[in-house]
Amino acid sequence: MGDETDSICPRCDDETIHRVVAMMEGKVHLVICTRCNSQHRYRPSLATMTRKVPLPSVRQAKVLKKIESARTSRQQVSLKEWQALKEVAGEMEPLPYGPGASYSEKQIVFHPTFGLGFVRKVIDKSKIEVVFEYEIKILAMNRPK
Ligand SMILES: [Zn+2]
């Protein structure tokens, strides 16, 4: 108490030197502006505020978590597996991929984003597991239009 600190004065509308008049829980609580002598709650100076790194908002944190889990759950395709599948695919004509179509195991599909894929597993009536060159994807099928 009695110390001087930089704070924003609402009356001066400026960052001025204040004298600490009250502390609360170890933090500066009430201050008096040495310029206009008004007493008010302590507000950290702009320098103090900009020094703090803002924490991600709840929404941002959720998105970050999603990206993180997607990254760790993504299965890697080994080059060996991919080459083996390509050999099996041989001369087969790839089927264009669309969520409304129906596929069965060992078919070759062509996805506009992921490229050539190999249906490794039919999970259920509406899902297939497809091995692409860089990743394994669960794709929809038989989706009603
Ligand atoms: Zn003031």
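Strands S1 and S2 (residues 14-24) pair in the antiparallel sense, joined by six bridges. The model is a predicted one. Within this pairing, Thr5 has His18 of S2 as its bridge partner. Strands of a sheet pair through backbone hydrogen bonds, and the pairing is either parallel or antiparallel.

S1 and S2 belong to an open sheet of four strands, ordered S1-S2-S3-S4, with antiparallel pairing. Strand S1 (4-9) and strand S4 (39-41) each have a single partner strand, so these two stand at the edges and one side of each has no neighbour in the sheet. From one strand to the next, the twist averages 50°.

His40 is a residue of the edge strand S4. There are 15 other C-beta atoms within 10 Å of His40; a residue counts as buried at 20 or more and as exposed at 12 or fewer, so His40 is partly exposed. Leaving out residues up to four places away in sequence, His40 touches Pro10 and Val31. His40 and Ile8 are 32 residues apart along the chain, yet 9.7 Å separates their C-alpha atoms.

In soluble globular proteins, nonpolar side chains tend to be buried together. The largest nonpolar core here has 10 residues: Leu85, Tyr97, Val109, Phe118, Val119, Ile128, Val130, Val131, Leu139 and Met141. Strand S7 (115-124) and strand S8 (127-132) are the elements that give two or more residues to this core. S8 gives the most, with three residues.

Val109 is one of the core residues. Apart from neighbours within four places in sequence, the contacts of Val109 are Pro94, Leu95, Tyr97, Tyr103, Gly117, Val119 and Val130.

Definitions and conventions:
Residues are numbered from 1 along each chain as its sequence is written. This is a predicted model: local features need pLDDT of at least 70, side-chain atom pairs count only at pLDDT 80 or more; totals for chains, interfaces and linings use all residues. Two strands pair if DSSP finds at least two bridges between them. Axes are lines fitted to C-alpha atoms, for helices over the stretch in contact, and angles run from 0 to 180 degrees between N-to-C directions. A nonpolar core is a set of buried Ala, Val, Leu, Ile, Met, Phe, Trp, Tyr and Cys residues joined through C-beta atoms within 7 Å. Two residues are in contact if their C-beta atoms, placed from the backbone, lie within 7 Å.
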